[in-house]
Amino acid sequence: MDPHTFRRALGRFATGVTVVTTGTPQDFHGMTANAFASVSLEPPLVLVCVDRRARTCSRIPHFGAFGVNILQEDQAPLSDRFAGRTGTQDGPPPAFHLVTAVTGTPLLEEAAVRLDCRLYQSHAAGDHVIFVGEVLEARQTGDARPLLYYAGGYHALGALDEAGPGVTPPRW
Ligand SMILES: Cc1cc2nc3c(=O)[nH]c(=O)nc-3n(C[C@H](O)[C@H](O)[C@H](O)COP(=O)(O)OP(=O)(O)OC[C@H]3O[C@@H](n4cnc5c(N)ncnc54)[C@H](O)[C@@H]3O)c2cc1C
């Protein structure tokens with residue numbers, strides 16, 4: 001499989017955008033990630049896939065915990081900041097505030113949803129590591145709308161607004 005074709009194909013899968021946070025208030029680190037999924041309800045588990053070369057990859061096992069911060073529609077600059085994409089936005093770097101979770105992990109106060117996770121398992125998978133986290137706490141900011149990532153760019157939920165209330169509700 002040609003890697004370019006592979007990446008282009010997977011880019012057609014629309015996702016939300018998260019910032020995975022690790023460390024302590026004194027030693028905080030964040031990394032943008034869209035390879036995030038829910039795994040289990042009982043116990044409540046989620047996963048993130050992290051590139052072996054990313055600093056986050058060694059920090060999650062070191063701290064035994066991580067945070068998943070699901071970004072809001074207007075937080076593309078924050079996504080770029082935590083992806084190391086400097087200079088893609090005009091003006092000063094976007095501000096953020098930290099709140100400390102039960103595990104001690106700092107979370108982004110401005111996120112749409114904040115998940116505080118204790119490291120449950122990790123699995124080597126090619127050039128990435130799959131980290132499974134047990135969610136100890138989930139906090140939500142009102143009806144915040146999510147930032148989406150699709151075909152290499154950021155998007156909003158506009159098309160769904162046009163669909164109106166006829167959208168099928170989840171069955172679980
Ligand atoms: C939409 C999107 C989705 C992505 N999904 C994934 C994915 O699922 N898995 C994956 O492995 N990679 C993903 N990436 C790539 C990943 O975000 C980058 O490769 C990232 O730079 C790797 O992070 P790192 O842990 O090496 O941290 P670094 O590259 O060291 O840090 C990331 C950036 O975050 C900022 N930062 C970190 N900590 C702080 C702090 N305390 N204060 C201020 N700024 C700080 C810095 O500006 C730094 O450049 C994605 C990128 C994008 C844009």
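Predicted model: local features only at pLDDT ≥ 70, side-chain atom pairs only at ≥ 80, totals over all residues.
Trainee: What makes β9 and β10 a hairpin?

Mentor: Strand β9 (residues 113-125) runs antiparallel to β10, joined by twelve bridges, and two residues lie between them. Gly-126 in that turn has a positive phi of about 60°. Ile-130 turns up again here, with His-123 opposite.

Trainee: Why are β1 and β12 called edge strands?

Mentor: Picture an open sheet of three strands in the order β1-β11-β12, with antiparallel pairing. β1 (15-16) and β12 (153-155) each pair on one side only.

Trainee: And how do you know that β1 pairs with β11?

Mentor: Two bridges join β1 to strand β11 (residues 148-150), and since the cut-off is at least two, that counts as a pair. Thr-15 has Tyr-149 as its bridge partner in β11.

Trainee: Now to a helix: why is Thr-56 called buried?

Mentor: Thr-56, found in helix α2 (residues 55-63), has 0% relative accessibility. Buried means under 20%, so Thr-56 counts as buried.

Trainee: Which residues does Thr-56 touch, not counting those up to four places away in sequence?

Mentor: Thr-56 touches Val-20, Thr-22, His-29, Met-31 and Val-50.

Conventions. Residues numbered from 1 in each chain as written. Heavy atoms only, no water. Helix = DSSP H or I, 4+ residues; strand = E, 2+ residues; numbered from the N terminus. Buried < 20%, exposed > 50% of the residue type's maximum accessible area, 1.4 Å probe, protein only. Contact = heavy atoms within 4.5 Å.
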